[in-house]
Amino acid sequence: MTATTELPVVPAGPRRWAGTWRRGRVIAAFAVLTALLLLAHPLVPNWPGNAGSLLETFLPWTGLLVLPLLAAALVRRSALALVVLLLPALAWGGMFGSRLFDRREPGGDLTIVSHNVNDENPDPAGTARALAASSAQVVALEELKRSEVPKYADALAVAYPYHEVEGTVGVWSSFPLRDTRPVAIMPWTRALQTTVDTPKGPVAVFVAHLPSVRVRLDAGFTANGRDAAMRLLADAVAAESAPRTVLVGDFNGTADDRALAPITGKLRAAQDVAGDGFGFSWPAGLPLARIDQIFVGGVRPVAAWTLPATGSDHLPVAATIAF
């Protein structure tokens with residue numbers, strides 16, 4: 001007769017449950033760091049290659065860091081990590097959750113379209129016709145190539161009998177324009193201001209194309225030229241006495257970027273107030289950031305959206321405002 005030894009029965013439930021709270025501490029730490037990155041992004045310094053601005057340019061995408069952390073927490077069966085992951089999820093939701101929805105309203109008094117048409121656009125006339133089909137009353141264009149301006153003018157002439165071009169930017173309008181002049185933000189002209197006389201009163205319209213930025217391994221996020229032009233543009237907008245102001249163009253920066261604070265501190269981004277989704281506009285093939293903006297002051301945005309791709313590497317952006 002063989003003797004058998006019985007192992008003691010250990011109550012697995014409580015110990016296993018306790019283990020789920022001990023595992024995944026590293027994952028939980030990264031979750032806390034992700035939440036801090038979202039909530040404290042203004043504290044990220046700009047001096048190492050404009051790191052703060054680079055982060056803020058793509059800030060909505062920071063939320064994707066939660067996904068690999070969530071997968072790791074599930075693999076580790078870590079209750080601790082799963083609970084702590086609520087911190088970055090809630091932070092992201094509080095900052096960007098509303099942008100997941102369509103906040104557009106019907107009505108409005110003026111619709112404006114802004115588009116960086118790309119100076120290498122293979123089909124200027126087709127791009128112009130697509131913009132005219134939007135039924136906007138004002139169309140602003142950036143990165144115009146001098147030799148291509150007549151093609152845009154011809155294609156837009158019927159719907160927009162009034163137009164002005166200064167340097168590489170222009171505005172076409174179904175309402176009369178007056179007091180058009182360049183805005184000195186760079187050695188060559190890449191900004192203008194004009195007044196649109198609508199049936200409900202005048203609107204000061206600024207069109208701008210700020211200098212490009214670059215991401216380089218040896219210099220980081222190079223944006224000094226853009227930032228200097230931004231300050232000059234903000235000064236020009238602040239000097240405008242009109243009660244209604246619209247500022248549009250390619251800013252080579254998002255509304256979350258601290259570099260745009262001289263503008264966002266005075267004007268509202270129509271997309272943030274009344275947009276359809278995030279409204280990413282660049283690059284056109286796979287939009288990752290909204291660097292094309294419509295800012296307004298003294299009016300209420302009722303809708304903002306992007307238009308279908310044209311021959312440009314940017315998507316057109318549009319907004320309707322109410323006086």
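Reply: First, the labels: helices (H or I, at least four residues) and strands (E, at least two) are DSSP runs, numbered from the N terminus. This is a predicted model, so local features need pLDDT of at least 70 and side-chain atom pairs count only at pLDDT 80 or more, while totals for chains, interfaces and linings use all residues. Residues are numbered from 1 along each chain as its sequence is written, and side-chain values use heavy atoms, with hydrogens and water left out.

Let's start on the outside. Leu33 sits in helix α2. With 51% relative accessibility, Leu33 counts as exposed (buried is under 20% relative accessible area, exposed is over 50%, and partly exposed is in between, with a 1.4 Å probe and protein chains only). Leu33 belongs to a nonpolar surface patch together with Val26, Phe30, Val32, Leu36 and Leu87, with about 560 Å² of accessible area together. Helix α2 (residues 25–39) supplies the largest share of that patch, five residues. A patch takes residues with over 30% relative accessible area and no salt bridge, joining like charges within 9 Å and nonpolar side chains (Val, Leu, Ile, Met, Phe, Trp, Tyr) within 5 Å. The areas come from Shrake-Rupley with a 1.4 Å probe, and for residues only the protein chains shown count as cover.

Now the charges. There are 12 salt bridges in the structure, each being a side-chain nitrogen of Lys or Arg within 4 Å of a carboxyl oxygen of Asp or Glu. One of them pairs Arg300 with Glu105, with the closest N and O atoms 3.1 Å apart. That pair links distant parts of the chain, 195 residues apart: Arg300 is in strand β13 (residues 300–306), and Glu105 is in the loop between α6 (86–96) and β1 (110–116). Arg300 is partly exposed at 40% relative accessibility, and Glu105 is partly exposed at 40% too.

Asp109 and Lys200 also meet in a salt bridge, at 2.7 Å from N to O. Asp109 is in the loop between α6 and β1, and Lys200 in the loop between β6 (191–198) and β7 (201–209), so this pair ties together parts that are 91 residues apart in sequence. Asp109 is partly exposed at 27%, whereas Lys200 is exposed at 53%.

Then there's Asp179 with Arg178, a salt bridge at 3.0 Å, N to O. Salt bridges with shared partners also join Arg99, Asp256 and Asp272 into one network.

On to the rings. The structure holds six aromatic pairs. Trp61 and Phe280 make a stacked one, 5.5 Å centre to centre with 25 degrees between the planes. Trp61 is in the loop between α3 (51–57) and α4 (66–76), and Phe280 in the loop between α11 (270–274) and β12 (292–297), 219 residues apart. Trp61 is partly exposed at 33%, but Phe280 is buried at 17%.

Phe96 and Phe278 form a tilted pair, 6.3 Å centre to centre and 45 degrees between the planes. Because Phe96 lies in helix α6 and Phe278 in the loop between α11 and β12, the pair ties together parts that are 182 residues apart in sequence. Phe96 is buried at 1% relative accessibility, and Phe278 is buried at 17%.

For the cut-offs, rings of Phe, Tyr and Trp (its six-membered ring) pair if their centres lie within 6.5 Å; planes under 30 degrees apart are stacked, over 60 edge-to-face, and the rest tilted. Ring pairs link Trp61, Trp92, Phe96, Phe278 and Phe280 into a cluster.
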